There are 2 protein chains.
Amino acid sequence: MTIKEIAELAGVSRATVSRYLNDGYVSEEKRKILKKVIEENSYVPSTQAQTLRTKRTGTIGVIIPRVNSEAIGGMIDGISDSIAESGYRLMLANTANNEKNEIKYLRAFNENFVDGVILIGTIITGEHKRLVSGMNVPVVVLAQKVEGVSCVYHDDFNSVKDLTARMLKKTDRIGYIGVTERDKAAGLSRKNGYKTALGSKGIKYDDKYIVKSDFSIEGGYKACNELIEKAPDVRGIICATDNIAVGAVKLLKDRGIAIPDRIMVAGVGGNIFGEMIEPSLTTVGYYYDACGLEAGRLLVDMIKGKTKARREIKMGYEIIVRNSALI
Amino acid sequence: MTIKEIAELAGVSRATVSRYLNDGYVSEEKRKILKKVIEENSYVPSTQAQTLRTKRTGTIGVIIPRVNSEAIGGMIDGISDSIAESGYRLMLANTANNEKNEIKYLRAFNENFVDGVILIGTIITGEHKRLVSGMNVPVVVLAQKVEGVSCVYHDDFNSVKDLTARMLKKTDRIGYIGVTERDKAAGLSRKNGYKTALGSKGIKYDDKYIVKSDFSIEGGYKACNELIEKAPDVRGIICATDNIAVGAVKLLKDRGIAIPDRIMVAGVGGNIFGEMIEPSLTTVGYYYDACGLEAGRLLVDMIKGKTKARREIKMGYEIIVRNSALI
DNA sequence: TTGTACGCGTTATCAA
DNA sequence: TTGATAACGCGTACAA
């Protein structure tokens with residue numbers, strides 16, 4: 001079914017059908033006929049043809065590093081909700097943790113397909129920034145703060161600072177298991193939060209208490225082992241992610257070290273499995289759904305031209321105290 | 001940049017540019033010029049216009065109940081991989097666990113946007129089946145077996161039958177915590193697996209050992225309590241999902257019942273958190289990634305017309321024995 | 001091997 | 001209030 005056939009069936013011109021569907025500047029009489037004909041033939045306009053004419057695709061592209069993650073799942077849920085409200089569709093591009101793919105999809109989205117892009121970032125390189133600045137559709141970066149680009153991000157810095165400060169009330173000897181600082185959010189900001197908390201209490205930052213891990217549970221396991229070898233006097237451990245914290249807890253249990261009595265452990269992320277493990281995990285919770293919602297709204301505003309000005313939205317957090325660190 | 005502008009810049013006709021981009025029936029000389037002009041202007045053809053002409057959108061629609069789940073995440077990863085190989089894009093429709101939304105998106109995908117649809121199903125109603133049969137793009141149902149429709153699904157029946165059979169070597173008094181049987185896969189098939197295993201050993205199916213839960217951890221917690229009240233002599237529990245099993249484990253621990261010595265517990269799904277909890281969870285693992293991969297390939301074959309015949313693909317499973325049931 | 005000309009299904013302009 | 005008609009960007013018979 002095309003608009004032409006509908007027009008013929010209804011005995012009007014294509015233009016009238018189009019008007020009926022859009023502005024609605026049509027006489028009551030023809031309106032009735034059209035309603036009937038369209039319903040009977042269950043006619044739906046071709047999105048492609050519409051896009052060709054109007055340059056509006058009605059879809060939003062979301063670039064994600066992977067889909068199999070609670071945090072990302074939550075953010076996508078939020079995005080889905082907010083853009084569905086505004087009648088947009090969602091197109092997902094999964095980069096499988098490959099920076100090159102991010103660039104590729106940014107390019108693709110820039111040329112076609114979408115009216116706007118949400119990039120759930122991990123590592124944002126100079127090339128990313130350049131590309132994003134030059135895009136001809138609006139872009140919102142999610143979960144990373146990027147100078148000069150609209151973004152919605154978690155308060156990685158203050159949340160870890162808070163977490164560390166609370167643990168500092170129990171002990172001065174706190175270690176840190178971090179991740180690559182190329183990831184500004186999970187790597188750099190969280191570590192800075194830890195450092196700043198130490199500084200506020202006049203404690204000197206000491207490399208002896210710092211180790212690095214990848215994002216896996218096994219990574220956390222190994223890193224924790226390294227840490228307690230380097231710094232046997234450590235009494236608390238802040239882990240940059242919950243995954244790492246789970247690995248750390250495992251290692252400590254395997255070595256017969258009492259949690260939290262001998263060593264406290266805390267993670268970051270608020271993952272659901274934190275409350276399933278033994279002991280349950282003290283952590284920082286972020287509002288993933290709300291972040292996605294906010295990003296979706298911001299982007300839709302930008303698309304509709306409501307918001308000319310760039311915006312940076314920093315979201316809140318909550319400290320979730322459980323048994324691995326009673327702080 | 002349009003094909004017309006490129007043509008002018010290169011001093012050829014639009015048709016030649018189009019041929020260069022598609023069939024490639026162009027002289028070496030013009031080929032060189034075109035390559036240069038196209039690169040210099042970083043020209044990319046408009047997908048909408050292409051679609052309008054060719055009726056091919058180059059994208060595949062995936063309808064999912066929610067995104068925040070390990071199983072679904074794994075399947076999407078698999079789909080992404082396989083369709084990216086074939087040059088298709090992926091469009092995601094999140095129904096937020098609402099059957100009405102599934103119908104809505106099926107309709108939308110049928111009219112526009114996509115060359116094929118993958119439906120990750122939970123509850124498949126008659127309306128679903130009718131709609132799917134009448135679609136004018138190919139459809140593959142994932143994670144549910146649907147008569148008369150191409151589908152890729154887990155072996156819910158045999159996996160739970162196996163699991164139960166192995167537990168039956170330790171005890172005859174096995175309870176079952178199930179979910180709604182409107183979900184044919186997680187509800188009906190798994191329960192039938194349990195029943196059949198009992199039958200094979202000549203044990204009479206007894207309602208006393210059966211309770212029902214929703215899909216949540218809390219649901220499992222409550223259901224398990226109900227079960228041990230109804231059947232205090234139960235020595236093993238099969239849970240329809242890992243989530244439920246986690247709740248059950250929690251309840252038993254709270255009531256001071258030793259796992260697995262007094263009561264064994266097993267789940268279904270192979271979720272990662274099963275190995276984090278204490279005791280670690282015996283479960284059935286499915287190959288989510290592989291399922292998604294298979295579904296993607298099947299759909300692409302159907303789109304390209306290679307596979308006229310409907311196919312039903314049943315995927316394998318593995319029993320993962322951990323500490324909650326040493327079977 | 002190349003170019004002309006038409007059509008895909010819409011929306012937008014303009015004159016009636 | 002309506003209808004002709006052009007235009008969006010592309011692919012493809014067909015003729016050259």
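Helices (H or I, at least four residues) and strands (E, at least two) are DSSP runs, numbered from the N terminus. This is a predicted model, in which local features need pLDDT of at least 70, side-chain atom pairs count only at pLDDT 80 or more, and totals for chains, interfaces and linings use all residues. Residues are numbered from 1 along each chain as its sequence is written, while chains are lettered from A and ligands numbered from 1 in the order in which they are written.

Stay with α5(B) for its length. The helix covers residues 70–85, and its 16 residues should span 22 Å at 1.5 Å a residue. The expected span is 1.5 Å times one less than the number of residues. The end C-alpha atoms are 23 Å apart, which agrees. After the helix comes B:G87, with a positive phi near 80 degrees.

Now turn to where the chains meet. Chain A gives 29 residues to the contact and chain B gives 29. Two residues are in contact if their C-beta atoms, placed from the backbone, lie within 7 Å. On the side of chain A, α4, α5 (70–85) and β2 (89–94) each give two or more residues. The most come from α5(A), with 6 residues. By class, this side has 13 nonpolar, 11 polar and 5 charged residues. Ala, Val, Leu, Ile, Met, Phe, Trp, Tyr, Cys and Pro count as nonpolar, Asp, Glu, Lys and Arg as charged, and the others, Gly among them, as polar.

Strand β1 (residues 59–64) of chain A pairs with β2(A) in the parallel sense over 6 bridges. Strands pair if DSSP finds at least two bridges between them. A:V62 has A:L92 as its bridge partner in β2(A).

Further along chain A is an open sheet of 4 strands. Its order is β7-β6-β8-β9, with parallel pairing. β7 (210–212) and β9 (264–266) stand at the edges with a single partner strand each, so one side of each is left without a neighbour in the sheet. The twist averages 15 degrees from one strand to the next. Within the sheet, 4 bridges join β6 (residues 174–178) to β8 (residues 236–239). Helix α10 (residues 217–230) of chain A lies across β6, β7 and β8, at about 145 degrees to β6(A). Helix α11 (residues 242–254) of chain A lies across β6, β8 and β9, at about 160 degrees to β9(A). Axes are lines fitted to C-alpha atoms, for helices over the stretch in contact, and angles run from 0 to 180 degrees between N-to-C directions.

A residue is near a strand if its C-beta atom, placed from the backbone, lies within 6 Å of it. The largest share near DNA strand C, 5 residues, comes from α4(A). Around DNA strand D there are 26 residues, with A:S13, A:A15, A:S27, B:T2 and B:I3 nearest.
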